[in-house]
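Q: Before we go through the terms one by one, could you show the sequence and the structure to which they apply?
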Amino acid sequence: MHELSLAQALVDTAVRHSAGLSAGRIVRLDVRVGVLAGVDVESLTFCFELASRDTPAEGAELRVEVAPAVGRCRACGVERTLETSSILPGWTSFDPEAVGSCVCGEQAFELVGGHELVLMQMELAGDQSSGSGSA
Ligand SMILES: [Zn+2]
């Protein structure tokens with residue numbers, strides 16, 4: 001299963017980072033998943049629970065933020081959020097007509113975001129410095 005290997009990679013990354021911080025347990029992971037990554041969030045959460053068993057990340061909360069697809073203009077570098085409806089099947093290209101022209105007049109967008117799965121931030125037990133103010 002696709003999500004299981006992703007979850008395992010997440011746990012590996014988190015554990016490696018926390019080891020370098022001489023902290024104890026991992027309490028929360030904030031993850032950003034591109035809308036085109038083909039990741040089922042529920043399935044990822046479930047697999048994360050499995051993959052984190054017997055690691056410092058066991059029992060950690062997995063918060064998933066879904067990131068939009070992003071196109072970047074080859075001419076001027078401006079980035080723009082792309083509607084998923086303008087993305088063509090296969091999730092690797094988009095309909096130029098639907099996306100339209102850049103502010104610079106060129107119609108030269110390339111797909112640069114939307115496939116990522118990134119560990120944005122994590123919260124460790126006993127770590128008071130990175131509180132996000134959530135109550
Ligand atoms: Zn442009």
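A: Helices (H or I, at least four residues) and strands (E, at least two) are DSSP runs, numbered from the N terminus. This is a predicted model, in which local features need pLDDT of at least 70 and side-chain atom pairs count only at pLDDT 80 or more, while totals for chains, interfaces and linings use all residues. Residues are numbered from 1 along each chain as its sequence is written.

Q: What pattern do the helices and strands follow along the sequence?
A: The chain has 3 helices and 6 strands, and read along the sequence they come in the pattern α-β-α-β-β-β-α-β-β.

Q: How does the radius of gyration of the chain stand against that of a compact globule?
A: The radius of gyration is taken over C-alpha atoms, and the globule rule is 2.2 Å times the number of residues to the power 0.38. For 135 residues a compact globule would have a value near 14 Å, whereas the chain has 18 Å. The C-alpha trace spans about 55 × 35 × 25 Å along its principal axes.

Q: Why is A7 called buried?
A: A residue is buried if 20 or more other C-beta atoms lie within 10 Å of its own, exposed if 12 or fewer, and partly exposed in between, with C-beta atoms placed from the backbone. A7, which is in helix α1, has 25 other C-beta atoms within 10 Å and is therefore buried. Of the 135 residues of the chain, 26% count as buried.

Q: Which residues does A7 touch, not counting residues up to four places away in sequence?
A: Two residues are in contact if their C-beta atoms, placed from the backbone, lie within 7 Å. On that criterion A7 touches L44, C47, F48 and A51. Among contacts in the chain between residues at least 6 apart in sequence, 77% join residues at least 24 apart.

Q: How do you know that the buried residues of α2 line one face of the helix?
A: In helix α2, which covers residues 41-51, the residues L44, C47, F48 and A51 are buried. Seen down the axis of α2, these buried residues fall within an arc of 110°, so they line one face of the helix; the arc is that of the directions from the helix axis to the C-beta atoms. The face turned away from the buried side carries the exposed residues E42 and L50. The buried residues of α2 pack against α1 (2-20) and β2 (61-67).

Q: What makes α1 oblique to α2?
A: The axes of α1 and α2 come within 8 Å and cross at roughly 55°. That angle makes α1 oblique to α2, because angles under 35 degrees count as roughly parallel, over 145 as roughly antiparallel, 65 to 115 as roughly perpendicular and the rest as oblique. Axes here are lines fitted to C-alpha atoms, for helices over the stretch in contact, and angles run from 0 to 180 degrees between N-to-C directions.

Q: What is the handedness of the crossing of α1 and α2, and which residues meet there?
A: The crossing is right-handed, a term used if the near helix is turned clockwise from the far one by less than a right angle, with anticlockwise giving left-handed. In α1, E3, L4, L6, A7, Q8, L10 and V11 meet S43, L44, C47, F48 and A51 in α2.

Q: Why does D54 count as exposed, and what is its phi?
A: D54 is placed in the loop between α2 and β2, and with 7 C-beta neighbours inside 10 Å it counts as exposed. Phi of D54 is near 65°, a positive value in a residue other than glycine.

Q: Why does P56 count as partly exposed?
A: P56 is also found in the loop between α2 and β2, and it has 19 C-beta neighbours inside 10 Å, so it counts as partly exposed. Leaving aside neighbours within four places in sequence, P56 is in contact with V15, S18, G24, R25 and I26. P56 and V15 are 41 residues apart in sequence and 6.5 Å apart in space, C-alpha to C-alpha.

Q: What makes W91 partly exposed?
A: W91 lies in the loop between β4 (79-82) and α3 (96-99), and its 17 C-beta neighbours inside 10 Å make it partly exposed. W91 has a positive phi of about 60° although it is not a glycine.
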